[in-house]
Amino acid sequence: MNKPDEKLELHLKPRDTETVSIKIPTDTLESLKKVAANRDMSLEALLKFYIGQSLRQDLAKLFSERVLESTAQVLARHIQSEEEILTIIQEIQAEISL
């Protein structure tokens, strides 16, 4: 645990960036600007936040789908009944979505 008088330092590794240009409907852009101002953020920071948040969700979903696929393959090697495998996978999916 950190001592109260210890300084915490955050070391971020710089990442390569690339500039992109996208067309956004004017009314959407105005809404984004309002939201950014309300959050005391720049428009660029808000867009990066939204992109990062959605990207993490999509990557997590892809990962969980791969895990379920691998689980089904392992179960298929040990259980003969496709119906039983499907029931197990559905039960896992139900637990995940709780």
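This is a predicted model: local features need pLDDT of at least 70, side-chain atom pairs count only at pLDDT 80 or more; totals for chains, interfaces and linings use all residues.
Ground rules: I number residues from 1 along each chain as its sequence is written, and side-chain values use heavy atoms, without hydrogens and water. For local features I need pLDDT of at least 70, and for side-chain atom pairs 80 or more, while totals for chains, interfaces and linings use all residues.

Helix 1. I took helices as DSSP runs of H or I with at least four residues, numbered from the N terminus. Helix 1 has 13 residues and reaches 18 Å from first to last C-alpha, close to the 18 Å expected at 1.5 Å a residue (1.5 Å times one less than the number of residues). Just after helix 1, I found Asp40 with a positive phi of about 60 degrees.

Helix 2. I looked up residues 43–78, and this helix of 36 residues reaches 53 Å, close to the expected 52 Å. Its buried residues (under 20% relative accessible area, 1.4 Å probe, protein chains only) are Leu46, Gly52, Leu68 and Leu75. Helix 1 (26–38) and helix 3 (82–96) are among what covers them.

Core. I listed five residues in the largest nonpolar core: Leu68, Leu75, Ile79, Ile85 and Ile89. Such a core is a set of buried Ala, Val, Leu, Ile, Met, Phe, Trp, Tyr and Cys residues joined through side-chain atoms within 4.5 Å. Helix 2 and helix 3 each supply at least two residues of this core. Leaving aside neighbours within four places in sequence, I see Ile79 in contact (heavy atoms within 4.5 Å) with Glu84, Ile85 and Ile88.

Definitions and conventions
Buried means under 20% relative accessible area, exposed over 50%, partly exposed in between (1.4 Å probe, protein chains only).
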